[in-house]
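Colleague: Let's go through this model, helix packing and then pockets. Please give the cut-offs as we go.

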Amino acid sequence: MKYVGIQSQISSNNMKSMLLLAAFPVILLGMTWVFLATINYFSTGYYDQAGYFVNQLDADSVNWTFSKVAPFIIGGVAIWFAIAYFSNTKMIQRATGAQPLMRRENPRVYNIVENLCMACGMDMPKVNVIDDPQLNAFASGIDKNSYTVTVTTGLLDRLNDEELAGVIGHELTHIRNRDTRLLITSIIFVGIISTVLSLVVRMIYNRMWFGGFSSSDDRNSKNSGLSTTVIMIIGAVCAGIAYLFIMLTRFAISRKREFMADAGGAELCGNPLALASALRKISNNPGLGDVEREDIAQMYIIHPKQMAQGLMSFLSGLFATHPSTEERIRILEQF
């Protein structure tokens, strides 16, 4: 496989980032309108001649309520996104315990990164190291000031110089292709929806097991057509549907990016077999200690949960962020 089309990949990733930025508020506001419309439909209506309550949607009322709520949703999400987007590097560093690496502390690693950057004409990113026996590496950041390549001490101990160069070349290619910016955008959006969903589900759980169903709740159900608990359940369903749509946007971030990064790493280090060997070693012990955050795991060179076998492997593969490690190794060995 020949590594080609880096500018096309960059343009594609930039376009996908813009589409994600546009799609997320559309999905969120769309599900907000559906939530309000559902509540309105089941809460309003009239009694027919037989005395049965007939539900009816008052679209004008829904649109009026939506016009009042939408600005607060947009403003809240914009603030949340801005904070997460511009502080993601520090958040990742705190979550993983990564520490900056200077040339004097480990000239071997620093020199490898510097030489590879000179070979491809890119600015030197920051280099972080995590004191962890597991084998792992990932790239992060949104611009030249925050681009970072992070490696574990386990990776440094187990890989030789050629294998390490292949892995670092892989991560540098992610930065060159703007994969990190696109992935972080997706991670933030998924995180916002999943947080809302988890809060609603927790509220329902607490109400059902600790709050119970009061008589006033029953009276509200008779008067308005809906109880508070049912409203929360409708909210959870809408949030769940929005979460599903957002998760599907992850497929816009094609798993091809890992093949592209493998090809770029192989080209930079000049030895595809060395990167294949590194992936084989990493697959025996991937991950990062006690850090069990899916958002960070998506950035790993090999996703640890996708190393599962049998049924779990099949299920995780449906929503996998990485292609099969065996397939990646097979392609590298065909260079």
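Colleague: At what angle do helix α10 and helix α14 pack, and how far apart are their axes?

Modeller: This is a predicted model, where local features need pLDDT of at least 70, side-chain atom pairs count only at pLDDT 80 or more, and totals for chains, interfaces and linings use all residues. Residues are numbered from 1 along each chain as its sequence is written, and side-chain values use heavy atoms, without hydrogens or water. Helices are DSSP runs (H or I, at least four residues), numbered from the N terminus; axes are lines fitted to C-alpha atoms over the stretch in contact, with angles from 0 to 180 degrees between N-to-C directions. For α10 (residues 256-269) and α14 (residues 325-332), the angle is about 35° and the axes are 11 Å apart.

Colleague: Which residues make that contact, and how do they divide by class?

Modeller: Contact means heavy atoms within 4.5 Å. From α10 come E258, F259, D262 and A266, and from α14 come E327, R328, I331 and L332. Ala, Val, Leu, Ile, Met, Phe, Trp, Tyr, Cys and Pro count as nonpolar, Asp, Glu, Lys and Arg as charged, and the others, Gly among them, as polar. The classes are four nonpolar, no polar and four charged.

Colleague: How are α6 and α11 oriented to each other?

Modeller: The axes of α6 (residues 161-176) and α11 (residues 272-283) cross at roughly 85° and come within 8 Å. E162, E163, G166 and V167 of α6 meet α11 residues including A274 and L275. Angles of 65 to 115 degrees count as roughly perpendicular, so α6 and α11 are roughly perpendicular.

Colleague: Which element gives the most to the lining of the largest pocket?

Modeller: A pocket is an open set of points on a 1 Å grid over the protein atoms alone, where a 1.4 Å probe fits, with protein on both sides within 12 Å along at least five of seven lines; lining residues have an atom within 4 Å of a point. The largest pocket has 21 lining residues, with I187, I188, G191, R293 and D295 nearest its centre. They divide into 13 nonpolar, four polar and four charged. With seven residues, the top contributor is α7.

Colleague: How much space lies in the second largest pocket?

Modeller: Its lining has 16 residues, and T32, V196, V200, G235 and A239 lie nearest the centre. By class, the lining has 14 nonpolar, two polar and no charged residues. Volume is the space filled by probe spheres set on the points, which are joined across faces, edges and corners. For the second largest pocket that is about 340 Å³.

Terms used:
Helices (H or I, at least four residues) and strands (E, at least two) are DSSP runs, numbered from the N terminus. Angles under 35 degrees count as roughly parallel, over 145 as roughly antiparallel, 65 to 115 as roughly perpendicular and the rest as oblique.
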